[in-house]
Amino acid sequence: MSRLTYVAKRFLLAIPVVWLGTTMTWFIIFMGPIDPATRLLSQGQTRNPAAYRAAQEQLGLNTPPLEHYLEYMTNLLTFDLGQTFLLYQGSSVNALILDFLPRTLWLGFWSVLIAVLIGVPLGFYAGMRSNTVADYLASFGGIVWRAMPNFWLAIMLLALLGSLQGMIGVSWQQFLVPIDAISGSPDMSRIGTVDGFLAATKKVLPAAIVLGSASMGNEMRIGRTAVLEVRNEDFVDMAKAKGVSDRALVWKHVLRNALVPLVPIITSEAFLLIGGSVLVETVFGINGIGWLFYRAAIQGDLPLVGTLMYVFILMIVGINLIQDLLYTVIDPRVGLEGA
Amino acid sequence: MAGATSDRERASTVRPTGSTALVWAGAGVALFALEAGALATFLTGMVADLFAFVPPLGPAQPAVATLAEWANAAQSAAREVPTLLSRETIPNGGYWNGRRWVGTFLGLEPALAWAVRVALVYGYAFACAGWAILGYRLYRREIRPTDWSPRDDVVDRFRSHTWGKFGLLVVFMFVVMAVFAPALGPTTVEQNMRESYSHEFSYWNSDAGEVQTTLVGQANLQSQSTGTSSRVMPFTYDDYNRYHPFGTLPTGRDLFTFIATGSRISLIIGVLSVGLSALLAASLALVAAYYRGRVDLGMVLLSDAVMAMPQLLLLIMLTQVLAETWIGGIYSGAFVLALIFAGTGWTYMWRSVRGPALQVAQRQWVDAARSFGQKPRVIMRRHMLPYITGYLLIYGSMTLGGAIIAIAGLSFLGLGVSPPTPEWGRAINLGQDYVTTGSWHISLIPGLLITIVVTGFNALGDGVRDAIDPQSDSAGGAAAGRGGGA
């Protein structure tokens with residue numbers, strides 16, 4: 001089986017996954033124990049039959065379930081996502097998602113990057129000096145770091161940044177790049193300019209560190225194991241015998257090969273990032289789609305919850321596909337096993 | 001290696017007589033007698049709760065009512081049985097009458113009385129654990145007919161795994177905290193939180209110079225931790241001579257009692273959900289491995305679809321949808337949370353167990369059993385399941401830590417376990433606004449405890465993994481231990 005057919009097969013398998021996921025979401029929301037129409041109405045309106053009927057009609061709940069299901073699925077497929085009912089009442093869901101998504105992506109991008117930039121080198125360092133005090137410190141730190149609840153870490157980090165003024169004399173807001181507040185949404189409109197880019201980055205930086213914390217611990221652990229394994233390979237001994245300098249040995253032979261098992265891990269961390277974005281965005285007050293999902297869920301805008309779930313499913317399936325693509329590039333054996 | 005250890009142990013036997021087993025059993029009875037009353041209260045209480053929960057059934061109604069009365073009578077009778085480790089035997093709630101402490105254990109100050117009780121509870125728990133370990137050694141050395149079994153190697157490997165033993169210790173202490181929650185707290189949930197305005201207590205009013213009585217609820221209002229000027233810090237007394245090992249909440253309630261009781265609900269949801277998802281994952285993995293082909297593909301698609309919905313978001317959505325149904329009311333919503341958790345979390349465990357199950361399904365004994373005419377169900381249960389239970393243990397331990405984080409995350413958001421019932425995540429949420437003020441303890445302590453407990457569960461999982469399968473490295477279990485990114 002060539003790589004192309006492997007990727008094509010993965011793509012074909014992704015279609016039923018998206019279908020099953022959205023169908024489950026539809027079932028939970030529209031066939032579940034809650035009537036989404038009453039949820040949309042305020043206390044007084046529930047007793048008003050006309051308002052109730054109007055809400056039902058808007059949601060298409062007065063049509064037979066199968067018809068409703070087909071229409072719902074067609075709408076999702078064509079990205080005809082309609083309007084919101086409660087949250088930002090009456091605005092187009094498409095516009096809302098386009099407005100909120102960039103902030104979540106920006107946050108996700110930095111959390112992946114920070115996790116990689118800190119976790120991988122630390123893991124490699126621990127692996128190169130295995131069984132020393134530095135290794136134990138780094139490994140133990142990684143394990144504890146991984147066990148910390150994100151939302152708690154977020155609160156503690158905010159408290160720390162808030163009291164920076166008293167500790168070192170410079171507040172976090174004024175430190176290097178001035179920003180208006182410690183937490184809040186990054187300004188995505190001026191991202192093209194240098195100042196805007198730096199300010200937006202600094203704004204999401206604490207949130208990104210928290211969101212990436214779990215991945216950081218994982219990447220460290222796997223990086224350490226990978227280096228330990230590669231160090232014992234025959235080709236490293238061979239290179240050493242050939243007289244390759246220590247520096248070249250580490251950089252060219254050990255680290256490059258140790259990177260291979262790390263790449264799929266990095267992409268699979270995206271699951272955690274997307275799930276964790278709800279809590280982190282809530283604590284840091286970032287208006288991303290995780291925050292939008294949470295608001296919609298607690299205010300009872302269930303149709304919006306379903307639509308956002310569809311977006312999340314698409315994102316995760318997309319990341320999976322990218323991971324499969326990367327696999328075939330990094331490790332050419334993947335498509336050939338016939339798995 | 002096994003031979004060497006058993007020889008060593010043989011040399012260290014106290015008395016090589018047949019009465020060792022009797023001594024051991026006697027110690028067991030003595031340990032049980034100390035807590036018999038508490039156990040009886042717990043069991044009868046559970047029966048009484050069960051009857052109280054039975055819906056009115058028409059004709060059977062009078063019979064059920066009689067049974068419920070009996071259960072209640074049995075519960076109050078069980079309460080009369082003396083127990084060593086109870087707040088009645090070692091009370092810490094007393095008052096200063098100007099010269100000495102009144103009503104506390106041996107007239108000690110409340111902090112010391114409470115510390116004595118906690119030390120006794122943990123001493124008792126470790127004695128029980130030691131008793132169980134001794135029993136296992138006794139069984140292995142003297143009662144069991146064989147000298148060695150493959151499981152001995154697993155146990156011995158775990159015994160030499162320091163990190164795993166550390167995890168076991170942490171998990172054990174957490175479980176003890178959950179089991180003995182009512183005895184550990186300096187006060188009770190009933191008295192301090194739920195019905196604080198129907199409980200009175202005496203205290204020393206230093207201004208008036210006399211002992212006065214007040215309502216718990218009134219006193220709580222005066223012991224709130226809401227900033228730098230008004231706060232009750234860990235290991236201090238409030239103005240009413242009440243001792244607070246972890247300080248107070250912004251509502252003036254005792255944080256230690258809140259956390260001890262909260263550990264119970266975390267543990268119950270965790271164990272229930274992990275047990276259910278292990279059951280689901282094991283049966284689906286066995287079916288997929290046995291039948292392969294389309295069945296396997298279908299399950300891969302199903303689990304992929306469930307995994308494509310981020311677990312935390314699915315939890316939020318389902319707790320919202322199921323909140324107002326009858327099932328959502330059981331045990332403050334903890335039961336439905338465990339169900340949802342199992343329904344969304346089995347995929348990760350299934351993924352990890354499927355590989356080993358596929359390998360076992362190709363072994364010759366499975367073929368042999370099949371040609372022998374055994375039913376598929378029997379083959380799966382008897383010839384395949386024993387080989388994957390070890391993996392279930394590993395991932396179960398790691399998922400439990402993740403479950404605790406995710407449940408805390410949900411209650412932090414105000415979802416999941418409904419408010420009057422204590423839950424660790426809610427304590428973090430309550431203290432969120434005071435972290436930068438003097439009342440930093442409210443958020444800090446529960447968070448640290450979660451970190452320690454989750455580290456413990458992960459360490460235990462690591463230890464069990466190395467004991468069962470020394471060659472493996474379960475990097476894949478990493479995602480399972482994180483509770484969907486909470």
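Me: In chain B, what percentage of the contacts with a separation of 6 or more is between residues 24 or more positions apart?
Reply: It is 72% in chain B, where two residues are in contact if their C-beta atoms, placed from the backbone, lie within 7 Å. This is a predicted model, in which local features need pLDDT of at least 70 and side-chain atom pairs count only at pLDDT 80 or more, while totals for chains, interfaces and linings use all residues. Residues are numbered from 1 along each chain as its sequence is written, and chains are lettered from A and ligands numbered from 1 in the order in which they are written.

Me: And what is that percentage for chain A?
Reply: In chain A, residues 24 or more positions apart make up 71% of the contacts with a separation of 6 or more.

Me: How many helices and strands does chain B have?
Reply: Chain B has 17 helices and six strands, whereas chain A has 15 helices and zero strands.

Me: How is chain B divided into domains?
Reply: An automatic or database domain assignment supplies the bounds, and they give domain 1 (39–81), domain 2 (86–147 + 186–253) and domain 3 (260–485) of chain B. Taken over C-alpha atoms, the centres of domain 1 and domain 3 of chain B are 33 Å apart.

Me: Where in chain B is confidence lowest?
Reply: The lowest confidence in chain B is in helix α1 (residues 2–11), with a mean of 46, and the highest is in helix α6 (residues 162–179), at 90. The score here is pLDDT, the predictor's confidence in each residue, from 0 to 100. Residues 1–16 of chain B stay under 50, and the model has twelve contacts for them beyond four places in sequence. Residues 474–481 of chain B are also below 50, with 25 contacts in the model beyond near neighbours in sequence. Where pLDDT is low, the predicted coordinates should not be read in detail.

Me: What does chain B average overall?
Reply: Chain B averages a pLDDT of 80, and 91% of its residues score at least 70. The model as a whole scores ipTM 0.83 and pTM 0.85.

Me: Why does A:W145 count as partly exposed?
Reply: A:W145 is partly exposed because 18 other C-beta atoms lie within 10 Å. With C-beta atoms placed from the backbone, a residue is buried if 20 or more others lie within 10 Å of its own, exposed if 12 or fewer, and partly exposed in between. Buried residues make up 39% of the 339 residues in chain A.

Note on methods
Helix = DSSP H or I, 4+ residues; strand = E, 2+ residues; numbered from the N terminus.
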